[in-house]
Amino acid sequence: MEPILNALWLVLQPSTMWPMLVASLFGLFFGAIPGLTATMATALLIPVTFFMEPVPALSMIIAATAMAIFAGDVPGCLLRIPGTPASAAYTDEAYAMTRKGNAELALGACLVFSAIGGIFGAMALAVASPALAEFALMFSSIEYFWLACLGLTCAAVVASGAPLKGLISLCLGLIFAMIGTDGIHGQPRFTFGSTELMGGLGLVPALVGVYAVTEILRSATVHLGTTQIAAQKIGSIFKGQWGLLRKYWLNTMRGNVIGVLIGALPGAGADIAAWVSYAIGRRFSKEPEKFGTGHPEGLVDAGAANNAALGGAWIPAIVFGIPGDSITAIVIGVLYMKGLNPGPTVFIRSPDVVYGLFAAFFVANLLMLPLGWLCIKSARRILSVPREVLMPIILLFCIVGSFAIGNSTFGIMVMLGMGIVGWIMEENGLPLSPMILALVLGPMIEEKFMTSMQKEFGNFFAFFTRPVGGTLGVLTVLIWVAPLVFYVLGRRPVRGGADV
Amino acid sequence: MRFHDSVIGLIAVMIGGFVLYQASAFQNFQSHQLAYGPGFFPSIVAMVLIAAGLVLTFSRLSSLRRAGWIEIEPWLRTPRLVLNAAAVLLSVVVYILAADAVGFLIVAPAILFVLLVLLWGRPAWALVIALATTFAIHQFFVVVLLVPLPWGIVPFFNLFR
């Protein structure tokens with residue numbers, strides 16, 4: 001208990017609380033503006049966190065993302081446009097409630113159940129990660145190798161929806177990660193004579209490019225129309241929430257658990273958690289016919305799930321160094337920059353930071369209630385800020401941020417290059433998150449693979465001899481082989497079979 | 001510009017081939033312990049990429065004739081939107097080329113102003129926003145975070161230091 005109280009004290013210090021408050025407002029703004037996402041907010045925060053102590057830096061990211069995921073619901077309720085992809089699952093439902101004159105109830109439900117989901121996610125993180133870390137202390141390079149492979153496989157196959165394109169995106173990420181000096185042999189690879197490339201692409205400019213520049217380019221190629229807010233006046237948003245909580249407590253818990261589990265699954269984040277939780281909520285509802293007509297039940301299910309997923313995604317990120325979603329992929333980059341190499345030993349080496357992080361999750365989700373209320377009350381003003389003005393400002397911020405990491409224009413070049421790559425990939429239906437996960441995990445996978453191969457004198461079967469490593473290995477290989485088996489089986493039968 | 005899936009597969013195969021070729025040139029280690037050189041892992045990734053590319057190419061080949069190699073999206077036929085995208089890209093290029101020589105405090109408001117006018121209109125407001133944003137970013141990064149943004153040619157701006 002004492003470390004947690006110490007951590008809470010650390011987080012409540014002005015040196016952490018002020019950055020958290022600023023990051024919260026930043027996150028609320030980014031979440032509420034359609035087209036700006038929680039991931040983009042995180043990517044833009046890294047150049048700032050680069051100059052800070054670990055606890056305030058991570059607290060800023062936690063606060064910004066929690067607020068952004070909630071705030072994404074606000075334009076969903078008022079404009080029928082999800083502010084972030086995590087709100088897309090129930091935007092129609094929330095808007096239908098607004099059309100029925102229940103905007104206050106919808107917005108309040110989004111806020112209250114987001115906070116509950118976030119707190120549950122934080123609890124899951126605080127309970128599960130130390131226990132998992134103790135177990136993970138027994139892991140060797142083989143287990144880490146298979147875990148990272150499993151994570152990347154999940155990202156490419158489960159999360160992207162298009163496994164082949166996910167795999168291509170993944171391989172591209174691994175190739176980008178190999179640029180620079182090889183960590184084991186010290187050989188420069190794919191540097192084409194450039195001394196700057198010897199140090200690698202640089203994670204921060206690459207992430208800023210992929211998540212921010214890609215979005216700026218995308219928005220430059222569409223007509224951004226003006227929007228009409230459905231609700232004229234927003235009254236008391238907390239009225240009726242207690243009743244909803246009592247009526248839908250089971251949905252809340254189910255949404256929380258689904259959120260944490262899907263969040264912890266590498267590659268799948270808050271958006272997928274919301275979709276799955278909404279669908280399950282509908283499946284088990286006593287009134288499934290009301291879903292889609294402005295019924296708060298789906299909002300409770302999905303609203304709790306997407307915020308719980310945030311905490312869930314941190315579990316594999318801290319314990320194994322394997323990100324649960326694109327936000328934690330960026331966080332892992334921040335952890336490495338701060339010298340806090342993620343893994344089970346981080347609990348021994350830097351317990352203050354880890355417990356500080358748990359405390360920051362609780363504080364951020366409690367802060368969400370008053371700040372979220374403020375966001376809803378000023379929604380009309382926030383939503384009237386034209387995106388055409390925001391995008392050039394964000395671009396300048398990206399440029400300066402990419403420069404600030406290494407104080408060189410090379411960072412800006414990487415940002416631009418990766419922005420163009422991300423844009424072309426997105427235009428062609430290649431998912432970005434497998435590439436980012438591979439970019440983060442690439443060096444770790446290669447290092448674990450090579451050290452294991454060298455340790456075992458090239459005997460590949462050694463990858464299957466340890467109990468945990470072997471199980472993970474078999475599981476991963478099964479996931480790799482399954483599509484082939486299904487493909488072969490699917491071709492054999494009968495006419496009129498499913499179109500593969 | 002949206003390429004047909006078969007073309008995307010082919011591009012993946014070409015990238016994989018290039019990586020494989022490059023990897024083959026990496027130094028090889030002959031000792032028993034280090035039998036797997038720096039080219040080993042890139043070669044595996046390249047082979048997976050080639051395989052994925054080939055499967056994608058052949059699995060979508062049947063629709064290639066109907067759909068065509070490249071689909072030109074509507075925004076590419078709208079000069080205004082093409083100009084917007086080009087302006088975003090060019091503004092970063094201009095910054096990279098000019099910032100060191102000319103200075104952040106001149107290049108940043110200039111590109112911001114041009115982008116705001118192009119994307120939003122309202123030149124007077126664009127000028128105010130461009131100057132205010134540049135000043136705010138400069139103060140935050142240079143004064144608070146101590147990032148050495150380029151000063152360029154105008155020593156006068158050193159006054160803001």
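In chain A of this predicted model, confidence is lowest in helix α18 (residues 379-383), at a mean pLDDT of 80. Helix α20 (residues 409-427) of chain A marks the highest value, at 93. Chain A as a whole averages a pLDDT of 85, and 95% of its residues score at least 70. Chain B touches chain A through 51 residues, against 44 residues from chain A.

**Confidence in chain A**

**Chain B: make-up**

- Chain B has six helices and two strands.
- Read from the N terminus, its elements run β-α-α-α-β-α-α-α.
- Chain B holds 161 residues, and 29% of them count as buried.
- Among contacts in chain B with a separation of 6 or more, 62% join residues 24 or more positions apart.

**Contact between chains A and B**

- The contact takes 51 residues from chain B and 44 residues from chain A.
- On the side of chain B that touches chain A, at least two residues each come from β1 (2-3), α1 (5-24), α2 (40-59), α4 (79-102), α5 (104-119) and α6 (123-144) of chain B.
- Helix α4(B) gives the largest share of that side, with 10 residues.
- By class, the side of chain B that touches chain A has 40 nonpolar, nine polar and two charged residues.

**Helix α6 of chain A**

- Helix α6(A) spans residues 91-99.
- Its buried residues are A:T91, A:E93, A:A94, A:Y95, A:M97 and A:T98.
- Which helices do the buried residues of α6(A) pack against? They pack against α5 (73-79), α7 (103-136) and α14 (296-319) of chain A.
- After α6(A) comes A:G101, with a positive phi near 90°.

**Helix pair α7 and α14 of chain A**

- The axes of α7(A) and α14(A) come within 6 Å.
- These two axes cross at roughly 25°.
- Angles under 35 degrees count as roughly parallel, so α7(A) and α14(A) are roughly parallel to each other.
- The crossing of α7(A) past α14(A) is right-handed.
- The contact of α7(A) with α14(A) has 26 nonpolar and 10 polar residues, and no charged residues.

- A:F190 is not a glycine, yet its phi is positive, about 50°.
- A:F190 sits in the loop between β2 (188-189) and α10 (203-220) of chain A.
- Why does A:F190 count as partly exposed? It has 19 other C-beta atoms within 10 Å, and a buried residue needs 20 or more.
- A:N407 is not a glycine either, and its phi is positive, about 50°.
- The loop between α19 (387-406) and α20 of chain A holds A:N407.
- Is A:N407 buried or exposed? A:N407 is exposed, because 12 other C-beta atoms lie within 10 Å and a residue with 12 or fewer counts as exposed.

Conventions:
Residues numbered from 1 in each chain as written. Chains lettered and ligands numbered in written order. Predicted model: local features only at pLDDT ≥ 70, side-chain atom pairs only at ≥ 80, totals over all residues. pLDDT = per-residue confidence, 0-100. Helix = DSSP H or I, 4+ residues; strand = E, 2+ residues; numbered from the N terminus. Contact = placed C-beta atoms within 7 Å. Nonpolar A, V, L, I, M, F, W, Y, C, P; charged D, E, K, R; others polar. Axes fitted to C-alpha atoms, helices over the stretch in contact; angles between N-to-C directions. Parallel < 35°, antiparallel > 145°, perpendicular 65-115°, else oblique. Left-handed = near helix turned anticlockwise from the far one by under 90°.
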